Structure formats: structure tokens, C-alpha cells
Amino acid sequence: MRITRALAAAGLAAFLIGAAHTPQAVAGELPGTTEFFNSPDSLVNKWVAANPGDSRQPLIASRIASQPQALWFSRYSPSTVTEDVRKVTSAASAEGRTPVLVTYQIPNRDCGGASAGGAPDLASYDAWARDFAAGLGGGPAVIILEPDSIALISCLSSSELSGRYASLARAASAIHSANPNARVYFDAGHSAWNSPSVQASRLRSAGVLTSGDGIYSNVSNFRRTADEVAFTKSVLAQLGTSSGLTAVIDTSRNGNGPAPDNAWCDPHGRKVGENPTANTGDPAIDAYLWVKPPGEVDGCAGPAGTFSPDYAYEMAG
């Protein structure tokens, strides 16, 4: 079940300099007191600020805009990405908060679906990832590495898949090299997609054991939190209890669970889920996050990644 959202040799060798990152993720490494960054530049906050007289504004402001949400780097702009990332991380650091950043530039992303795009090739992606990492600063940060990149691989040949896995590992290593306080989470899909054993095998191939701090599930989907907790724990068990890996779960749109027909593209009747928090009470689950900002559509209620106040209002109600 696909999810969507908006949207050389020497250089590659350089990506690995100092990259022998060994994850040290243990219970409590992301403190339960962590406060996540709510950017004034998010689409929902911009809409709320620009529409004070709209009848939908109070509910959207109180239920959605008030919550910290991830910022997606989904537009391929290699000349400005370092500056764009630095703007976010500097603002978060000034508030003493932790930003959640989503990299979404892997070639062949979404297998040509509504969010097709990204870097033109893996060498370009590697360079973009280095430039992304250069803007992270030194404070804590949560990185959601390339949604769908490991769960959705049906469009890739075996050589393309091997290249993708290697590039994901390089990107994570570049992030850790630039900012040792950044935590990088790899794609685990969700509980109604691939089996825990299949997903764990792919994650292992993508270098999560040597380059990652954990895994994430349910990004842009609607699966219930309890199902995702059970699923991610099963994936973590497959990866081995000695891995030190943990998980984060996207709860932004799962308040009513999945649509009755499991529709994934802007289904009606969905609601926001648990508010973002690092205080989950479960040592295996680092945080519940709003990775897919509620109201930013999948491509059916509007162009993928744009903000729909109608959809946001429905989800907030």
C-alpha cells in the first residue's frame, strides 16, 4: 500500500570520510522531556496567520497549528538547501527545541506516483545530502530519512536498489558526521504493508545497523498507534535486540484509524491522532511525531504537498 506526499566516484568516497558511525541508541537517548520545534514557516501556520477572519481558522489554529510538525525538504534546490536547513535548525536552537526534518529527494521517489521527483541521480542525491547535513548545526535534531524509500521499491531493478541502499547509508553517515547529535530514522513502511521480516531485511541492506539510530512507521498513513507500536517492535526484534535501535511513529492522521477501504489518498473521515511527544512511556518508542502535516494533501484533494484548509478543518474536528 503506497503512501504519497508533496511532492562522482571521488565525491562518493568523500561521503564516507569519518563515517564509521555506530548507533548508540538506547532507551532515553531522546529524552522524554524533548520539546519539538513548531516552525512559523509551516504551511498551516502561514495559513492561520493570513486568514484571521476565516470561520475555520480558530479550530485549525488550536488543534493543528499549535502542534510541532515536521518540515519536508522535498523541493530539489541544491544551491540553497544548506541555507534552508540552517534557517530551521537555528530557529529551533534559539528556542531550545528539537526540529524534525524530512529528507525527500531520493531518485525514483514514490515510483513515479503523485510525488514523483527528487534528485536526478544518486550522485546528485549524495551531494544534496551532504549539503543538507551541512546546515544541521550542532543541536539535537530528528531526521526522517526518505519516506517510502525502503518500503516502496517495486519500480527499481536490483542494481538500482543496491545503489539506493548504499546512498541511504551514505546520507545517514553524512548527517552524523556533520552533527553527532542528530538522530536518523530509516523507513519501515507501516503495519499493513510489508511483513516485519521483509522490512527488517531491507533495512539491514540499507545500512540501518551501522548508519541509523532507529526506524519510523506510518508516515503519511492512517494506521492506529497500537498497531504501529506492535509492528515496529516486531521489526526491531528482527533486527536484533543488540542493535540499540528504537522507533518513532507518525500519529498525525491516525485518530480514526484507516479508511474502511484502506484508501490512502486524502480519504474523508480521518482525524488527527496523539499530539507529538517524546514522553511515550515505552523505551522502544522514542516519540510520536506529526511527520505528515495534517491538511497537507496527498494529491487527490489538491496537488500533493499543498495545504487544504477544508481537509485540515475536517481532520481537526
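Me: Why is Ile144 called buried?

Reply: Ile144 has a relative accessibility of 0%. Buried means under 20% relative accessible area, exposed means over 50%, and partly exposed lies in between, with a 1.4 Å probe and protein chains only. Ile144 therefore counts as buried. The model is predicted: local features need pLDDT of at least 70, side-chain atom pairs count only at pLDDT 80 or more, and totals for chains, interfaces and linings use all residues. Residues are numbered from 1 along each chain as its sequence is written, and side-chain values use heavy atoms, with hydrogens and water left out.

Me: Where does Ile144 lie, and with which residues is Ile144 in contact?

Reply: Ile144 belongs to strand S3, residues 141-145. Strands (E, at least two residues) and helices (H or I, at least four) are DSSP runs numbered from the N terminus. Contact means heavy atoms within 4.5 Å. With neighbours within four places in sequence left aside, the contacts of Ile144 include Val100, Leu101, Val102, Thr103, Tyr185 and Leu289.

Me: What makes Asp110 and Asp148 gather at one spot?

Reply: UniProt, in an unreviewed entry, lists Asp110 and Asp148 for "active site". They span 39 residues in sequence, yet no two of their C-alpha atoms are more than 6.7 Å apart, so they gather at one spot. UniProt positions are given in the numbering used here, feature names are shortened, and annotations may be inferred rather than shown by experiment.

Me: How do you know whether Asp110 and Asp148 are buried or exposed?

Reply: Asp110, in the loop between strand S2 (100-103) and helix H5 (122-134), has 3% relative accessibility and so counts as buried. Asp148, in the loop between S3 and helix H6 (158-178), has 2% and therefore counts as buried as well.

Me: What makes Trp72 and Tyr104 an aromatic pair, and of which kind?

Reply: Rings of Phe, Tyr and Trp (its six-membered ring) pair if their centres lie within 6.5 Å; planes under 30 degrees apart count as stacked, over 60 as edge-to-face and the rest as tilted. By this rule the count comes to 5 aromatic pairs. In one of them, Trp72 and Tyr104 are 5.5 Å apart centre to centre with 90° between the planes, and the pair is edge-to-face. This pair links distant parts of the chain, with Trp72 in strand S1 (residues 71-73) and Tyr104 in the loop between S2 and H5, 32 residues apart. Trp72, at 17% relative accessible area, is buried, and Tyr104, at 0%, also counts as buried.

Me: Why is the pair of Phe73 and Phe132 placed in its class?

Reply: The ring centres of Phe73 and Phe132 are 5.5 Å apart and the planes stand at 80°, so the pair is edge-to-face. Phe73 lies in strand S1 and Phe132 in helix H5, so the pair ties together parts that are 59 residues apart in sequence. Phe73 counts as buried at 11% relative accessibility, and Phe132 at 1%. Ring pairs also link Phe73, Tyr125, Trp128 and Phe132 into a cluster.
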